[in-house]
Amino acid sequence: MSVTPPPFQGSGRPHVVVVYAGAHGSTRSIAAHLAARLADRGIRAEALPVEAVGDPSAYDVFVVGSAVHDMAWLPQALAFVHTNAALLAGRGVWLFSVGMPAALRGPWKALVAKEESHVIGGLADRLRPRGHRLFSGVIEPEHLTRTGRVKFQAMGLRYGDYRDWPAVDAWAREIGDDVDRRRHEKADGTPS
Ligand SMILES: Cc1cc2nc3c(=O)[nH]c(=O)nc-3n(C[C@H](O)[C@H](O)[C@H](O)COP(=O)(O)O)c2cc1C
């Protein structure tokens, strides 16, 4: 359950940062897409790799995403959210994970719900995000080790680009609506 962050400070436009960590480009592409959709509607938004975020306190809203490896976020994304947990929870944070749920077939699809709670459960308890999505990315044989490829085949998975841009657009709209709503709230939380 999300906590309600205070209204934005200052009179300027709120600044949204989409922070990401990935290995092969899918997470970066989804982060860039989210930032572009937010910017399309007049929200000040940028996508930055986790190591390029200088001073996190410069931002009003955080969208943080990581590729999923072995059912967990990448260490650099985890380090960012844990180091800045109080700031993120206080200002408003949205989380996204990029794995390959859409590549699962048959009985393996039951893993999706388990994976989402495994990947995000502890983070959600700590950060109280305003939302989380588990998106699918691109998975190709050259991304995996030999053992990984054997496991992938044993699960009946298929390589490919599983990014679902309409789903990413829909989530950007949800975030944008929330940012706009908070922007128009008065300090006592009532609409202006
Ligand atoms: C070493 C490795 C381990 C992975 N483990 C998982 C996993 O446990 N669960 C999952 O859903 N996807 C897993 N994936 C798939 C990736 O999360 C997926 O390909 C995603 O698009 C990667 O994002 P990126 O291109 O930003 O690195 C794994 C990929 C690699 C290379």
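Here is a short tour of this predicted model, stop by stop.

Before you click, note that residues are numbered from 1 along each chain as its sequence is written. Because the model is predicted, local features need pLDDT of at least 70 and side-chain atom pairs count only at pLDDT 80 or more, while totals for chains, interfaces and linings use all residues.

**Colour by confidence.** The chain averages a pLDDT (the predictor's confidence in each residue, from 0 to 100) of 92, and 92% of the residues score at least 70. The complex gets an ipTM of 0.99 and a pTM of 0.93 from the predictor.

**Now pick H1 and H6.** Select residues 26-40 for H1 and 165-183 for H6: the two helices pack at about 50°, with axes 9 Å apart. Axes are lines fitted to C-alpha atoms, for helices over the stretch in contact, and angles run from 0 to 180 degrees between N-to-C directions.

**Zoom in on the contact.** Show Ile30, His33, Leu34, Arg37 and Leu38 in H1, which meet Trp165, Val168, Asp169, Ala172, Ile175 and Gly176 in H6 (contact: C-beta atoms, placed from the backbone, within 7 Å).

Technical notes: Helix = DSSP H or I, 4+ residues; strand = E, 2+ residues; numbered from the N terminus. Contact = placed C-beta atoms within 7 Å.
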